[in-house]
Amino acid sequence: MSFLSISQVSKSFGGPPVVDRVDLEVQRGEFFSLLGPSGCGKTTLLRMIAGFEPPESGAIAIDGEAMNHVPPHLRPTNMVFQSYAIFPHLNVFDNIAYGLRKLKLPKQTLRARVEAMLATVRLEGLGTRAADQLSGGQRQRVALARALVREPKILLLDEPLGALDKRLRETMQLELRALQRQVGITFVLVTHDQEEALSLSDRVAVMEGGRILQVASPRDLYERPSSRAVADFIGEINFFHATVREIGGETATVNAGLLGIVTLPRANLAAGIKTGDHILLAIRPEHVRFASDGVAGDIAAATFLGERSHIHVSIAGRSDPISISASGAPATGPVHLAFPPEKLMGLPAGD
Amino acid sequence: MKNRALFSYALAYLAFLYVPVLVLPVFSFNNSEFIAFPLSGFTTRWYGALAGDTAMQHALGNSLKVGLVTALLSTLLGLTAAKAVTHYRLRGAGAALGFISLPLFIPDIVLGISLLLLLGASGLPLSLAAVVLGHMLVCVPFALTVLIARFEGFDRNLEEASADLGEDGWMTFWRVTLPLMLPGIVASLLLTFITSFDEFLVAYFLSGTEATLPIYIWGQLRFPERLPMVLALGAIILTASVGLVVLAEYIRNLGVKKPMVGA
């Protein structure tokens, strides 16, 4: 049994399902992300784990204990809210100490524990600062400290970096990851920012329309997406329609139209694809190569980004240009493109 | 040049607003039974006379009682209504708010007469309790307005955060909701109290034999020799009212979030 176990959980708020028969297993000590566009149900799922929304069906268990009838104030979870929800009438110290009242700690112990937490989130000496005199980054740290000081079994984070500007967000991402390793608590993070999910997490669940499309490590999600939706959502990608001609022991042969007949490793095909299936071949922009011989095309647009360039190549017989990410400055004019078969992924076309 | 004209206009406007009010305290210290210029010397004897006037003190007691009960009940009703309107999506919330606020726009004399008829028809006696009910019609909208404004500035996540941090509904109310709502509640109590305390028409119709202070003052105007005493009483009420309203405004704005820098 895993640490956080969600089985067949649904929620609809009286309309179409917002969370639809979700199954999820999160391990102890894991940094887990729920990734998806807004309205995909990820925040609702997080709020059900926290206990703010009761699931309409299904079960949630934490560390082997059923949570369905446990109210939020008795759950072993703590949450960092998107708005941070810092108590405006309390200073930093009292905000962090808020959740410790029930422990009835001696004054000295309480003080020591809050001070230690202040140090952990690097807010030393700011204990007496009023809540309305904190910067965005400081508010985020107070929210983190207030939740972590209770030593929850699971820390829930609802888009915690969304309100910060880009540079601060990148700094906080590094800190958040380091903090999670330091405290060893299971983190479940909700975000719509795929970079954030990929850079922070041990594993990511991609959600859409209330369902989980795929759960995998960031690397597998990028290199082995299980569906078009996941491939599309995580980074940029090029798709080609193709038909499976033959599946052998180690390889598979597909007819890929513009690309001709391609033989690729069988492992590159998503599970469940059979001979004769109509599929999508997908390739990341950084895997497309310029070659002396291959598919002919013209550079339609190029953006120089410093280390790399984004290049759009239009080819005859195809409406979408091919996205290519190449190192160095872009060239112009007619080019030939090569698509290394070992980098082509076969996905079901059905979705 | 233009600025100077505007400045004198502003001065004239302020004078128009406040000179009539200031006449009251000025004559309350005037050593003469006749309310006329020139002033004839400083005295505090009208205030002294007030101290020995038991009928006045009884009326004052009535007004305080009515004001306190009205303020408590109106604020309680306003609080629950404001919470419902701001926290839940209710069907007909707009209409309900409109109907609650409507008595503000009904002339007090109409309100007074209709309540008088209603009491008569239902066989209930005229009493201070009836005055309280009448005043609540006018005070609940005030309470509601003040409290809704306060609730709207209230992040609902704060109550959830409190629950998340281990506090049940009751402790969340004590540790988060009440402290954050308190300025609004106090402001509402003060405003509704003042409204009730100063109200004349409804009380005149409904109070029966128990006079409230404004009714007592009205009665005293029949005796010219008591007029300076009424002025002294008026001056005291004026000072207290202004003080309470200023206090209410000050408290209402306490702890209102200032725009955050660098967030």
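Reader: Hi! Let's start with chain B: how many helices and strands are there?
Author: Hello! In this predicted model, chain B has 11 helices and zero strands. Read from the N terminus on, its elements go α-α-α-α-α-α-α-α-α-α-α.

Reader: Nice. What does the C-alpha trace of chain B span along its principal axes?
Author: About 70 × 65 × 35 Å.

Reader: And how much of chain B is buried?
Author: Of the 263 residues in chain B, 38% are buried. The chain exposes about 14800 Å², and 73% of that area is supplied by carbon and sulfur atoms.

Reader: What about its contacts, how many link residues 24 or more positions apart?
Author: Taking the contacts in chain B with a separation of 6 or more, 73% are between residues 24 or more positions apart.

Reader: How many positive and negative side chains does chain B have?
Author: There are 15 positive and 15 negative ones in chain B, and the centres of these two sets lie 7 Å apart.

Reader: Let's zoom in. Is helix 10 of chain B mostly covered or mostly open?
Author: Mostly covered. Helix 10 of chain B takes in residues 213-220, and seven of its eight residues are buried. The buried ones are B:L213, B:P214, B:I215, B:Y216, B:I217, B:G219 and B:Q220.

Reader: Which helices cover those buried residues?
Author: The cover for helix 10 of chain B includes helix 3 (54-87), helix 8 (169-198), helix 9 (201-206) and helix 11 (227-253), again of chain B.

Reader: What does B:K83 touch, sequence neighbours aside?
Author: Beyond the residues within four places in sequence, B:K83 is in contact with B:Y88, B:F151 and B:E159. There is also a C-alpha separation of 8.4 Å between B:K83 and B:L147, which are 64 residues apart along the chain.

Reader: Switching to the surface: which residues make the nonpolar patch in chain B?
Author: That patch is made by B:L6, B:F7, B:Y9, B:L11, B:Y13, B:L14, B:F16, B:L17, B:Y18, B:V21 and B:L22, and its area is about 1200 Å². One of its members, B:F7, is found in helix 1 (residues 2-28) of chain B.

Reader: Why is B:F7 called exposed?
Author: Because its relative accessible area is 55%, and exposed means over 50%.

Reader: On to chain A, then. Which residues form the positive surface patch?
Author: A:R224, A:R289, A:R308 and A:K343 form that one. Of these, A:R224 lies in the loop between helix 7 (218-223) and helix 8 (228-233) of chain A. A:R224 is partly exposed, with 40% relative accessible area.

Reader: And A:N95, buried or exposed?
Author: Buried: A:N95 has 0% relative accessibility. This asparagine has its place in helix 2 (residues 92-97) of chain A.

Reader: What is packed against A:N95, leaving out neighbours within four places in sequence?
Author: With those left out, A:N95 is in contact with A:I86, A:F87, A:L90, A:A131, A:V142 and A:R146.

Reader: Last one: where does A:F304 lie?
Author: In strand 16 (residues 295-304) of chain A. At 54% relative accessibility, A:F304 is exposed.

Terms used. Residues numbered from 1 in each chain as written. Chains lettered and ligands numbered in written order. Predicted model: local features only at pLDDT ≥ 70, side-chain atom pairs only at ≥ 80, totals over all residues. Heavy atoms only, no water. Buried < 20%, exposed > 50% of the residue type's maximum accessible area, 1.4 Å probe, protein only. Helix = DSSP H or I, 4+ residues; strand = E, 2+ residues; numbered from the N terminus. Contact = heavy atoms within 4.5 Å. Patch = residues over 30% accessible without salt bridge, like charges linked within 9 Å, V, L, I, M, F, W, Y side chains within 5 Å. Areas by Shrake-Rupley, 256 points an atom, 1.4 Å probe, with all protein chains shown as cover. Salt bridge = Lys/Arg side-chain N within 4 Å of Asp/Glu carboxyl O. Lys, Arg positive; Asp, Glu negative; His and termini not counted. Charge placed at Lys NZ, Arg CZ, Asp CG, Glu CD.
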